[in-house]
Amino acid sequence: MKQSRSKNVGITLFIAFVLTPVYWLLNMSFKTNQEILGGLTLFPKTFTLDNYAVIFSDPSWYNGYLNSMTYVAMNVVITLLVALPAAYAFSRYKFLGDKHLFFWLLSNRMAPPAVFLMPFFQLYSSIGLFDTHIAVALAHCLFTVPLAVWILEGFMKGVPREYDEMAFIDGYSFPRFFIKVFLPMIRSGIGVTAFFTFMFSWVELLLARTLTSVDAQPIGAIMTRTIGASGIDWGVLSAAGALTIIPGILVIWFVRNHVAKGFALGRV
Amino acid sequence: MSLTLENLSHRVDGVDFIRDANLTFQAGSFNVLLGRTLSGKTSMMRLMAGLDKPNEGRLIFNGQDVTGQSVQARNVSMIYQQFINYPGITVYENIASPLRLAKMAESEIDRRVKETAAMLQISPLLKRYPLELSGGQQQRTAMARALVKDATLVLFDEPLVNLDYKLREELRTELRDLFRERQCIAVYATTEANEALALGGTTTLLHEGSVIQNGPVMDVYRSPVNTLAAQLFSEPPMNMIRGRVTDTEVTFDEYSHHALTQELSKLTPGDYWFGVRPSHIALVPANNDDLEMSMEVALSEISGSETFIHIENSHFEMVMQLMGVHQYHTGAPVKVYLPVNKLFVFDSAEKLVHTPSRISGGAV
């Protein structure tokens, strides 16, 4: 009994420690700038939603969210469309250099995004892709596709090949089998993959900021440009930060069970 | 309707899986592929189903070459050792799936599914999902799915190994009855000689990818072409003792001398292999010309209501199978009797030269 209480104390402290910055962000987002700069207050003294109102009414703010969501969604879709067949091939067929290729995919992840900054910038500028959503989505694919293939391959290997054969024997054509039989069997894997792809793309700032200027500027980039003539608008910035967390929380909520499964399979 | 394998060979990464197989399966026949693990049973079935393409040889169905035909284009079904069903749909939909893919009318699908389910005694389970069922029920579902579409070739790849003993016997009997009326080619792979005997039909012995012997089950059992066939089709494997026949006597491994009696006297002098089934070795003589040997107990194991005793002397070792539970201590001396009329004789090239002739009335 005593032991479990001390355990609880430990975990409570830990959670409090981890959540403090998040709380502080929320706290600040409901305060006025004067209060933020005025001194330390644990709760907003004058509770205000003005900061959020600014974001939802000013196009330069809410477009940032729309831009981010657009290229993230594009990225997730492209990644899954590319990685699903690729992972299937890796899990089912033997071909020349399959093991090396598989490892090379993973080693792609070892390069920091900054390495690819200049080539992407130059390339996209010259073919007119600069400052478009698809430009960012494609750039992110370089990192998300290998990760997706890696995760999906683990899930697909968990499905015995006999299922494929059984379906073919029953008369399924390959595309029909893949969509109607196989994908439902690995839906946790797809959930986990989508989650990790989303997370990478959502938080990645360097590529997204460099490859865009106005039309496709992500929210992260906009947040770094809030220094106006009157100084930093702390309240609005906090509100923007709080809103940035929400999509992540939603996605985690939907895939939380699948992620645990993914961890169990040792590929995440 | 028949399926013929013509000089079929299959190789993967330089390893021979099937070597030059020539076999013909007739419609309405029940064929058992018997062999140890890695003998090529599954490989052969996969070639027959069209899941793998042979490196050499042809597959002829009704006089038509179907070697390169895709599996979807063939009318086959297969039942695996693992219980493979579509996990996301009900048992009813599982059974119906091949019919739906064949675009059959809904009323016909319903009739067939219910009929097949009744045949396999899973009618009450139709609304449930495969993973909610017991192993036996799952395998029944898989069988129903395989049988519902009236395939011309039905392949069973060790379907009963993952089931418990009782269930296995029950399903085996049912299976045999199900196929009695059907006009399809049934092929059944197993590692167990007893199962092959119980199923009957035609037996094909496979070893390391080669067909050793093929024929009606009793013919294969009673006259194995060589020592390998004899050992494969006997559980535990047939005992083999080297022996030399002279004009007057037979000597086992230069050690145990016996007079030549009965059919053995027809053997021309030379070196032979003598085979005796473990169940034919007795501890008491049945006839006065039984071959008596002094042995020592090396190991005694009890399996169910039978006892297997491994016996040896300085020259050879044998296994004997006794009914009932017996206890023997290691090292205990025993006298065993080999009935002359139940000995198989193979020449030095291990080819069969003599089968026991007194088979009427007694088991061989």
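Predicted model: local features only at pLDDT ≥ 70, side-chain atom pairs only at ≥ 80, totals over all residues.

Analyst: The bounds of a domain, as used here, come from an automatic or database domain assignment. For chain B, that assignment gives domain 1, residues 2–229, and domain 2, residues 239–354.

The centres of the two domains of chain B, taken over C-alpha atoms, are separated by 38 Å. Where the domains touch, five residues of domain 1 of chain B are in contact with seven residues of domain 2 of chain B. On the domain 1 side, these residues comprise two nonpolar and three polar ones, with no charged residues.

Taken as a whole, chain B has 364 residues, of which 40% are buried. Its secondary structure consists of eight helices and 20 strands. Along the principal axes, a box of roughly 75 × 45 × 40 Å holds the C-alpha atoms of chain B. Among the contacts in chain B with a separation of 6 or more, 65% are between residues 24 or more positions apart.

One sheet of chain B can be traced strand by strand. Four strands make up this open sheet, in the order E17-E16-E15-E18, and their pairing is antiparallel. Strand E17 (317–323) and strand E18 (333–338) of chain B each have a single partner strand, so one side of each has no neighbour in the sheet, and both stand at the edges. On average, neighbouring strands of this sheet are turned by 50 degrees against each other, direction ignored. Six bridges join E18(B) to strand E15 (residues 291–303) of chain B, in the antiparallel sense. In this region B:Met295 stands opposite B:Val334, a residue of E18(B).

B:Gly63 lies in the loop between strand E4 (56–61) and strand E5 (64–65) of chain B. In sequence B:Gly63 is 62 residues from B:Met1, while in space their C-alpha atoms are 8.7 Å apart.

Next comes the partner chain. Contacts between the chains involve 17 residues of chain B and 14 residues of chain A. On the chain A side, the elements giving two or more residues are helix H8 (161–170) and helix H9 (174–185) of chain A. H8(A) gives the most to that side, with seven residues. By class, the side of chain A that touches chain B has nine nonpolar, two polar and three charged residues.

Chain A also has a domain assignment, with domain 1 at 1–48 and domain 2 at 58–264. The centres of these domains of chain A, over C-alpha atoms, are 32 Å apart. Eight residues of domain 1 of chain A are in contact with seven of domain 2 of chain A. Helix H1 (2–29) and helix H2 (33–38) of chain A are the elements that give two or more residues to the domain 1 side of this contact. H1(A) gives the most to that side, with four residues. The residues of the domain 1 side divide into four nonpolar, three polar and one charged.

Technical notes. Residues numbered from 1 in each chain as written. Chains lettered and ligands numbered in written order. Buried ≥ 20, exposed ≤ 12 C-beta atoms within 10 Å, placed from the backbone. Contact = placed C-beta atoms within 7 Å. Pairing = 2+ DSSP bridges. Axes fitted to C-alpha atoms, helices over the stretch in contact; angles between N-to-C directions. Nonpolar A, V, L, I, M, F, W, Y, C, P; charged D, E, K, R; others polar.
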